[in-house]
Amino acid sequence: MEWWGALAVGVLAITVFWLPGLALGRVAGLRGLPLTASAPLLTTGVLAPAAVALAAVGVPWGPASAACVVALAVVCAALVRAWLARRYGRGPVPPVPPGAPGGGAGSRRAWWLVLAVTTGTLGQVVPVALGLGRPGRILTAHDAVAHAVMLRGVRDTGSASSLDVAGAHALDGVSHSFYGAGWHGVAALLGTWPDASSVLNVAFVVPCALAWTLGVAALTQAVFPARPRAWCWAAVASAGGVALPLYLVLRPEGMVANAFGVALVPALLALVTGRPPGGPVLRWGLVVVAGAGLVLVHPNAAASAGLVLTPWFVPRVVGWCRGRRRRTVLVLGSLVLGAVTAAVLARALLAGRTAAIPVLGAEPEAPLPAWEALLLVLGGDATEMGWASGMPVVLAGVLGAVLVRRCREPRWLLVSAALMTAWFLAATSPWPYLTDVDRLWYGEPRRFAPVMAATLLPLAARGIDALPSAWHALRRHRAGSGAATAEAPRALPLAGARRLVPGAVLLLVAGVPAALGLVQLVRFSYTGAGQSVVADDAELAMMHRLGDRLDPRGAVLGSSFSGAAHLYALHGQAVVPRDYATVEDDDLRYVRTHLEDLGADAALCDALDRLGVRYLYVDAHPWNVLPEHLELRTAPARGARLLDSGGTASVYELSAC
């Protein structure tokens, strides 16, 4: 029954993340694969900025307000399209890409594409389900609890603004920083049925996996519009051992927002570089909406998209301006004006706020030996997570690059793939200055590793698509190299399932180990596989019992790396500190350093009273430890009464204060 509930939440998640974008994109003129792939981008692009505006005027966030925002956006898009049609005429009907739905062979190819996207998505979701075992388990990963807390904060405060969501970490509930809440605002609309932890896991996994596979297929369509078979290969190869955005969700990272952001990047690349119908005004309007959504999901993902798109933009801007001074002045002036406007808006919106985590001040990861970094690139998975079994896909990408090296349209993607690879190698190198190219990504190259894979996958799909022809040509060459007088055997055309065999074998070689590695990583992330976890099944059962037993007005004091922090995410129970991002005040600092004096220190009781603490959450084996963070491994010798136990944790009620 648990999995039936999770399946229902999965369908709801796809509906909530896709339906608003589908409505807006359809009215704006998108069709087929570009529409479906862009939908979650457009959803966040409409809802995330609207959440900031609604919070500013005091309108609570929820399904009703979100529906009104979407309806207004759709009406505005329809009015703009009608105005453009009256002013400029409808123009010629854009050519339908080969393989698009419409009957005959195109309809059959569309069904093949649906099957390929389903395969690529299930290639990520099914291993997660197998490793998870039960859908309600709690993810043990560094940032996961912070995202769970922010998600609960959106529901409790009625604000999904990126300027307010970080207040969920604070002791006073007031945000003093900016944090992209694009994912949180949409995920908060899912509710908490059948239980909050199952909803969290579905929201972590399903939108990320489906958006990634659809985006990769759409990017391949944009680069190779005349090769519908390559679109299908790209969708399947998206789970074929390469760097998955889902890896960033799992242990030890828990970078949920960053993972969803990089999963959306391929769709943005397709929207910018493809040729969707509707004309340039609607097209670039959608790009602006999608770009805003990506920035408010996670700025890291937007930075990755900007880096990949540089080889596409620069030649076009230079060609447009060549020999025309006015155009050059216009471009330079627009860049300056845009930078000034962005700076002014950022200063106005972020007045008195900082980044939730200081980007440039983050401690970068240690450099890697050159051979190890090169192996990560050749393995297709530069996240250093899972089993790097993507070398066949990488080799297919090299073949695809060789095949299209003289073609004009995909040339920008070749340059982008080379640029992202060089960026990763520079970031992992020990060389001064070069090693700092990843500072916008907190000094962690794995944050843009899936985007590097996204630039490779369309080329790999092109290479896989060429394998049957290459094999057939090789057989003809060998047959023709026999005796000079011998007549070469007649070449039989490759058709039907025979054309699928080489690519299917290649992707099975890459995908099966990747799926097994993902099962292992998920099992390690949720059950520990012999190591400490946030909460095992027994502790989670206790946490559910506590949801009915604890006074919601009394706060629970516990380590951020135990199940205590999840009591707020699961049941709305007040917790001190909320998570590892909570900034200590004087009272919490005093409690952390004097808790062993419970029952003998009146000042300690005063501090606990000001914090609202009535319960203690003791965990003998928290999954992580950080300096100057609260630890509660043993029960106090006096002044507390046992309420319940489960796994390695116990909860006590204060009796000394």
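In the predicted model, the crossing formed by helices α10 and α12 is right-handed. Helix α10 spans residues 256-273 and helix α12 spans residues 299-321, and the two pack at an angle of about 25° with their axes 8 Å apart. Because angles under 35 degrees count as roughly parallel, this places α10 roughly parallel to α12. On the side of α10, the contact is made by N258, G261, V262, V265, L268, L269, V272 and T273, whereas α12 contributes N300, A301, A305, V308, L309, W312 and F313. Sorted by class, the residues in the contact of α10 with α12 comprise 11 that are nonpolar and 4 that are polar, with no charged residues.

Attention then turns to the open space in the model. The second largest pocket has a volume of about 900 Å³. It is lined by 33 residues, of which W112, C232, W233, V236 and L500 are the closest to the centre of the pocket. Three elements, namely α4 (104-132), α8 (228-237) and α18 (501-527), each give two or more residues to the lining of this second largest pocket. Among the contributors, α4 gives the most, supplying 9 residues to the lining. When the lining of the second largest pocket is divided by residue class, 22 residues are nonpolar, 5 are polar and 6 are charged.

How values were computed: Residues numbered from 1 in each chain as written. Predicted model: local features only at pLDDT ≥ 70, side-chain atom pairs only at ≥ 80, totals over all residues. Heavy atoms only, no water. 1 Å grid on protein atoms, 1.4 Å probe; cavity = no way out; pocket = protein on both sides within 12 Å on 5 of 7 lines; lining within 4 Å. Points joined across faces, edges and corners; volume = space filled by probe spheres on them. Helix = DSSP H or I, 4+ residues; strand = E, 2+ residues; numbered from the N terminus. Nonpolar A, V, L, I, M, F, W, Y, C, P; charged D, E, K, R; others polar. Axes fitted to C-alpha atoms, helices over the stretch in contact; angles between N-to-C directions. Parallel < 35°, antiparallel > 145°, perpendicular 65-115°, else oblique. Left-handed = near helix turned anticlockwise from the far one by under 90°. Contact = heavy atoms within 4.5 Å.
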